[in-house]
Amino acid sequence: MKNSLIWFCRISVGLLFIFSGLIKANDPLGFSYKLEEYFEVFHITFLNALALSFAVLLCALEMILGFALLIGARAKQVAWGLLLIIIFFAFLTFYSAFFKVVQTCGCFGDAIPLTPWQSFSKDLVLLLLIVVLFKNKENIKPLFSFKTGERLLIASVIFSVGFGLYTYNFLPIVDFLPYKVGANILDEMKTPAGAMPDEFELTYNLKNKNTGETKTMSDKEYLKTGIWKDNNWAIVGNPESKLIKKGFTPKITDLTIQDAQRNDYTQEILVNPFYSLIVVAYDLKKTDEGAINRLNALATNLTQGFNARTILLTSNSATDAVAFSKKFHLVSEIFYADGVPLKSMVRSNPGIILLKNGTIVNKWHYHTVPDYDHLLKKYFQQQ
């Protein structure tokens, strides 16, 4: 019975840690953004420069610990590692939930969004399973000889770190974001006819002018009791609004594309029936300059050869963007959007999106941008 319990905990924890690490390592840049949110909450923003490195290593550590647990390699060290990391995660998720700061913990990346309380509950269950393993670490037997186990462990380290580095340099293997290839941005921004909106409840604080008695009641109770007709009762302060039922929310709610004068060009750009090349550079100060030169040459060829619309989309100020354009002699038009949707569009700075009729035909990391001839044969000569 005891051996069965250990194996149940061992398999459950091992697989969940591998899954959690793998999902986040699929998008380490996105996970680094989440770490930066925590750094801001705890006032340690000086660590922002290391956020990406922490993201890759933390994801790798989860996968390595999970794999090591499954094969029974270095059981004592793994048990200590699992215990310390789950205590750390539980603290973060509790802090997020209780103080309502980081509202999505990023435990499973964008694949399975969890609320802070859901994340904390998950961590408590894991903590219970890991405590069982920790108390019985002497009974975690290896599946292979010591030498084989060490070799497998080294292989898991190479794979775990290498996978995170690969997805950072060549985009996520699986894109869980709303701007994935094949998605129509306009459709993702719409609310279907008949979809239920969010349902809110108003809470009123009331006070009797004569007796000083106070009451708190919902908007439904306020209307049903008819207390609003009694002039002796007055509403104190502003009503408090509380979400009681989540309705339909479009996948994309925060995208607005503007020019330097803040004129809205969102519809115009997204309904273009021809191919548009969008260079997404959410922060021009961090943009790879060599990539910009290569993309500018590509944009020049597409503009001259097919009169294709090429756009630089950034969250920087117009002053910075114009200076950047002059420095690199850009041929692309410049438009502006908030940095949050730009980070979600493509995990690269700069990143490249090929757009047609509002649909993302393809997108690339700046390390893998196709050349002019490839774009011609596969896309522009076919339109």
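Start by selecting Phe42, Phe91, Phe94, Tyr95, Phe98, Phe99, Trp117 and Phe120: together they make up one aromatic cluster. Rings of Phe, Tyr and Trp (for Trp, its six-membered ring) pair here if their centres lie within 6.5 Å; planes under 30 degrees apart count as stacked, over 60 as edge-to-face and the rest as tilted.

Before you go on, a word on the model: it is predicted, so local features need pLDDT of at least 70 and side-chain atom pairs count only at pLDDT 80 or more, while totals for chains, interfaces and linings use all residues. Numbering runs from 1 along each chain as its sequence is written, and side-chain values use heavy atoms, with hydrogens and water left out.

**Aromatic pairs**

By the ring rule, the count comes to 22 aromatic pairs. Pick out phenylalanine 39 and phenylalanine 54, an edge-to-face pair at 6.3 Å centre to centre with 75 degrees between the planes. Phenylalanine 39 lies in helix H2 (residues 28-41) and phenylalanine 54 in helix H3 (residues 51-71), so the pair ties together parts 15 residues apart in sequence. Helices (H or I, at least four residues) and strands (E, at least two) are DSSP runs, numbered from the N terminus. Phenylalanine 39 counts as buried because its relative accessibility is 9%, whereas phenylalanine 54, at 34%, counts as partly exposed. The cut-offs are under 20% relative accessible area for buried, over 50% for exposed and partly exposed in between, with a 1.4 Å probe and protein chains only.

Next, jump to tyrosine 275 and tyrosine 379, which are edge-to-face too: 5.9 Å centre to centre, 75 degrees between the planes. This pair links distant parts of the chain, 104 residues apart: tyrosine 275 is in the loop between helix H9 (266-270) and strand E5 (276-281), and tyrosine 379 is in helix H13 (residues 372-380). Tyrosine 275 is buried at 10% relative accessibility, and tyrosine 379 is buried at 6%.

**The cores**

Now show Val13, Phe17, Leu69, Leu82, Ile130 and Leu133, the residues with the most contacts inside the largest nonpolar core, which has 38 residues. Such a core is a set of buried Ala, Val, Leu, Ile, Met, Phe, Trp, Tyr and Cys residues joined through side-chain atoms within 4.5 Å. Helix H1 (2-25), H2, H3, helix H4 (75-99), helix H5 (116-135) and H6 each supply at least two of its residues. H3 gives the most, with eleven residues.

Then zoom in on valine 13: not counting residues up to four places away in sequence, valine 13 touches Leu69, Leu82, Leu126, Leu129, Ile130 and Leu133 (contact means heavy atoms within 4.5 Å). A second, separate core has 26 residues, including Ala321, Phe324, Leu330 and Tyr366.

**The strands**

Three bridges join E1 to antiparallel strand E3 (residues 233-235). Strands pair if DSSP finds at least two bridges between them.

For the turn, select glycine 212: E1 and E2 form a hairpin with five residues between them, and glycine 212 has a positive phi of about 80 degrees.
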